[in-house]
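Please open the model in your viewer and keep the selection tool at hand. The tour moves from the whole chain to single residues, with a stop at each selection.

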Amino acid sequence: MPRVHVVNINSAFLDKDGTFLPGITGDLVHLTEKGYRLWADALLPEIKKYMK
């Protein structure tokens with residue numbers, strides 16, 4: 001699909017063992033405010049590429 005762009009942002013949320021970093025999620029499913037901030041910070045550079 002030419003309009004689909006997959007971005008792996010796992011490193012923003014996980015440590016080297018694949019465990020969530022502290023404060024990212026409260027229940028191992030839903031992101032906290034910190035988690036959403038990291039999510040946005042990780043995706044923003046990719047979004048900016050398409051806004052030019």
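Helices (H or I, at least four residues) and strands (E, at least two) are DSSP runs, numbered from the N terminus. This is a predicted model, in which local features need pLDDT of at least 70 and side-chain atom pairs count only at pLDDT 80 or more, while totals for chains, interfaces and linings use all residues. Residues are numbered from 1 along each chain as its sequence is written, and side-chain values use heavy atoms, with hydrogens and water left out.

Along the principal axes, the C-alpha atoms fill a box of roughly 35 × 20 × 15 Å. The radius of gyration, taken over C-alpha atoms, is 13 Å, whereas a compact globule of 52 residues would have one near 10 Å, the globule rule being 2.2 Å times the number of residues to the power 0.38.

Next, select Glu46, which is found in helix 2. Is Glu46 buried or exposed? Glu46 is buried because its relative accessible area is 19%, and buried means under 20%, exposed over 50%, and partly exposed in between (1.4 Å probe, protein chains only). Leaving out residues up to four places away in sequence, Glu46 touches His5 and Val7, where contact means heavy atoms within 4.5 Å.

Stay in helix 2 and select Tyr36 and Trp39, which lie three residues apart, about one turn of the helix. The count of aromatic pairs comes to one. Tyr36 and Trp39 form this pair edge-to-face, with 6.2 Å centre to centre and 85° between the planes; rings of Phe, Tyr and Trp (its six-membered ring) pair if their centres lie within 6.5 Å, and planes under 30 degrees apart count as stacked, over 60 as edge-to-face and the rest as tilted. Tyr36 is partly exposed at a relative accessible area of 47%, and Trp39 is likewise partly exposed, at 41%.

Now move to the loop between helix 1 and helix 2 and select Phe20. Phe20 counts as partly exposed, since its relative accessibility is 33%. Apart from neighbours within four places in sequence, Phe20 is in contact with Phe13, Leu14, Thr25 and Leu28.

Finally, select Val29, which is found in the loop between helix 1 (10-13) and helix 2 (33-50). Val29 counts as exposed, with 63% relative accessibility.
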